[in-house]
Every structure is written in C-alpha cells, then in structure tokens.
Amino acid sequence: MPTGTTSGTPQVLLAHHLKQLKLPTVLREYDKVARECARDGVDHPRYLLRLIELELIDRERRTVERRIRAARFPAVKSFDTFDFAAIPGLNKMLVLELARCGYILRRENIIALGNSGTGKTHVALALGLAACQKGFSVTFTTAASLVNQLLEARDERRLLRLQRDLQAVKLLIVDELGYVPLSPTGAELLFETFSQRYERGSTIVTSNLPFEDWTSVLGSERLTGALLDRLTHHVSILAMNGDSYRLKQSAGRRRPTAAAEQNQATTERVDPDTGEITGG
C-alpha cells in the first residue's frame with residue numbers, strides 16, 4: 001500500500017494524491033459529481049468516466065490557452081466577428097476550409113493581399129486561433145518586428161537559435177509585409193527565415209502590396225523573385241481589396257451625430273417678434 005493510505009483523513013489524502021497526479025479538475029469536481037451520481041443512481045464506472053472526461057476537457061482548454069499565449073497574438077480574433085459581406089471578393093468558402101487547418105498538415109502557405117483596413121490581420125489572427133485550437137504551435141509577428149528580432153539575434157550571436165525556433169513552429173504568421181521598407185541585411189534575414197521553412201512548416205503573410213511591388217520593400221528583384229518562388233509554390237492567395245473596415249466604422253460613428261445635428265436644426269426656428277430660438 002502507498003505510504004499514508006491507512007492513516008489520515010480520506011479527503012486530505014485524496015487531495016494530496018490528486019495534486020501529485022496533477023488532476024486538478026478531478027480534485028475540484030469529484031465531490032459534486034459523486035452527489036449527482038448518487039442522486040441519479042449512476043454506477044461507479046460511469047462516475048469515474050464523468051470525472052475523467054471533465055479532466056480531459058479542462059486539460060485541453062488549458063493547453064489551448066497556453067498555445068494562444070505562446071503565439072503572442074495582439075488580440076484574439078475569430079471568424080464569428082468577421083464581416084465577409086464587407087469584402088465580396090474574398091472567397092469565404094476557401095477561408096472557412098483553411099480554418100480546418102489541413103494546409104498546415106500539408107505544409108502549405110497563405111498570402112492575404114489587399115489595401116489597408118480590409119481585415120487581413122483579422123483573418124490571419126482567426127486562422128492562427130483555429131490552428132491553436134487544432135493543436136498546432138503558432139507564432140504571430142509583424143514583418144518589421146521579425147526583422148528587428150533577427151538583427152538583434154545576429155548582433156547577440158543567437159541567430160541560429162532563433163532561426164531554429166522559427167523553423168520549428170508549425171504556423172508562422174508574418175503580418176504587414178510592405179508597410180516598412182527593409183534594409184538589405186534585414187531583407188536577407190527575412191528571406192532566410194522563409195527559405196528555412198519552405199516545405200517544413202506553414203507561413204501566413206499579409207501585405208498591402210501586390211506581388212509586383214514587393215521589390216520596393218525587399219530592395220532586390222533577385223531576392224524578391226526567390227522569396228515569391230518559395231512562398232507561392234504551395235499557396236492559397238486571399239484577395240482582400242475593398243473599402244476600409246476602419247473608415248466604415250469611423251463613418252458609422254459620425255453619422256448618428258450628424259443626423260442628430262440636422263434633426264436639431266430642422267426642429268429649431270427663430271421667433272420673428274423676439275429673435276429667440278425656439279423648438280419646433
């Protein structure tokens with residue numbers, strides 16, 4: 001018999017053993033589930049089954065939360081809050097199929113292209129969240145931030161370690177490629193990162209520039225051609241040109257105010273005798 005099983009309060013010993021076994025949900029729920037099973041006439045095997053199922057569900061939830069934290073998303077977004085109708089050119093069926101994460105198993109890439117404010121980052125974040133929920137490791141970064149990390153790692157002689165970490169992640173999301181021109185060294189380091197992941201892991205890239213303008217960011221036609229050759233070999237391209245989400249939301253906030261001012265103007269009049277403004 002294990003030490004301590006024949007002495008001490010059963011509840012104290014049970015709590016100790018469950019902590020040792022790292023079963024916090026069983027520890028938290030066993031008494032409540034026992035009362036429910038006694039009330040419903042459930043036998044002991046089904047009682048244990050309920051407890052273990054609760055433990056597994058809670059363990060998976062905690063694991064997903066850890067993956068989300070490790071991904072370092074700037075915000076947690078899902079497709080539940082994405083307005084597909086605002087971007088009619090976007091292939092909704094393709095996006096929802098990509099959310100099933102088969103492309104990660106096939107080590108394929110996704111590139112979202114479109115003007116600013118059309119939801120490219122939202123789509124990338126939602127795909128990243130779906131990947132976390134499916135059990136894949138994810139890292140989110142902007143292109144400028146990634147290049148800065150690579151440059152710092154090179155200067156501090158830890159570039160190889162960072163490159164290994166980036167190569168190992170199942171899904172790398174690189175947002176906002178094209179907003180900031182890169183130095184020649186930065187462009188080469190970014191190319192190396194994509195090249196090392198080629199057919200080893202999936203990469204999502206968002207950009208406000210069409211492919212023909214990527215040279216203005218990378219600074220070299222040769223480098224741009226080589227990068228696109230690798231990124232687009234196995235790729236799904238999401239066309240996301242349209243009206244800016246942010247401008248629409250801003251206009252939506254302004255419209256009620258303007259309407260209220262117009263309504264006030266139409267309901268006020270000047271008394272011809274006194275010159276006073278009165279309500280209509």
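This is a predicted model: local features need pLDDT of at least 70, side-chain atom pairs count only at pLDDT 80 or more; totals for chains, interfaces and linings use all residues.
Helix α11 itself spans residues 221-231, and its buried residues are Leu223, Thr224, Leu227, Leu228 and Leu231. These residues lie on the same side of α11, because the arc they cover around the axis is only 125°. An α-helix has 3.6 residues a turn, so residues three or four places apart point the same way.

The opposite face of α11, turned away from the buried side, carries the exposed residues Glu221, Arg222 and Asp229. At the start of α11, a side-chain oxygen of serine 220 comes to within 3.3 Å of the backbone nitrogen of arginine 222.

## Helices α7 and α9

Two packed helices are described by the angle between their axes and the distance between the axes. The axes of α7 (residues 143-155) and α9 come within 9 Å and cross at roughly 100°. An angle from 65 to 115 degrees counts as roughly perpendicular, and α7 and α9 are therefore roughly perpendicular to each other.

On the α7 side, the contact involves Leu146, Val147, Leu150, Leu151 and Arg154. On the α9 side, Thr185, Gly186, Leu189, Leu190 and Thr193 take part. Sorted by class, the contact of α7 with α9 has 6 nonpolar, 3 polar and 1 charged residues.

## Two residues with positive phi

Most residues other than glycine have a negative phi. Arginine 72 has a positive phi, near 60°, and is not a glycine. Arginine 72 sits in the loop between α3 (44-71) and α4 (92-98).

Cysteine 101 is also not a glycine, and its phi is positive at about 75°. Cysteine 101 is in the loop between α4 and α5 (102-105).

Which of these residues is buried, and which is exposed? Arginine 72 counts as exposed because its relative accessibility is 69%, and exposed means over 50%. Cysteine 101 has a relative accessible area of 1%, so it is buried.

## The chain as a whole

The protein chain contains 12 helices and 7 strands. Of its 280 residues, 38% are buried. Among contacts in the chain with a separation of 6 or more, 75% are between residues 24 or more positions apart.

Methods: Residues are numbered from 1 along each chain as its sequence is written. Side-chain values use heavy atoms; hydrogens and water are left out. Buried means under 20% relative accessible area, exposed over 50%, partly exposed in between (1.4 Å probe, protein chains only). Helices (H or I, at least four residues) and strands (E, at least two) are DSSP runs, numbered from the N terminus. The arc is that of the directions from the helix axis to the C-beta atoms. A polar contact is a pair of N or O atoms within 3.5 Å; within protein, one must be able to donate a hydrogen and the other to accept it, and residues adjacent in sequence count only if both atoms are side-chain atoms. Axes are lines fitted to C-alpha atoms, for helices over the stretch in contact, and angles run from 0 to 180 degrees between N-to-C directions. Angles under 35 degrees count as roughly parallel, over 145 as roughly antiparallel, 65 to 115 as roughly perpendicular and the rest as oblique. Contact means heavy atoms within 4.5 Å. Ala, Val, Leu, Ile, Met, Phe, Trp, Tyr, Cys and Pro count as nonpolar, Asp, Glu, Lys and Arg as charged, and the others, Gly among them, as polar.
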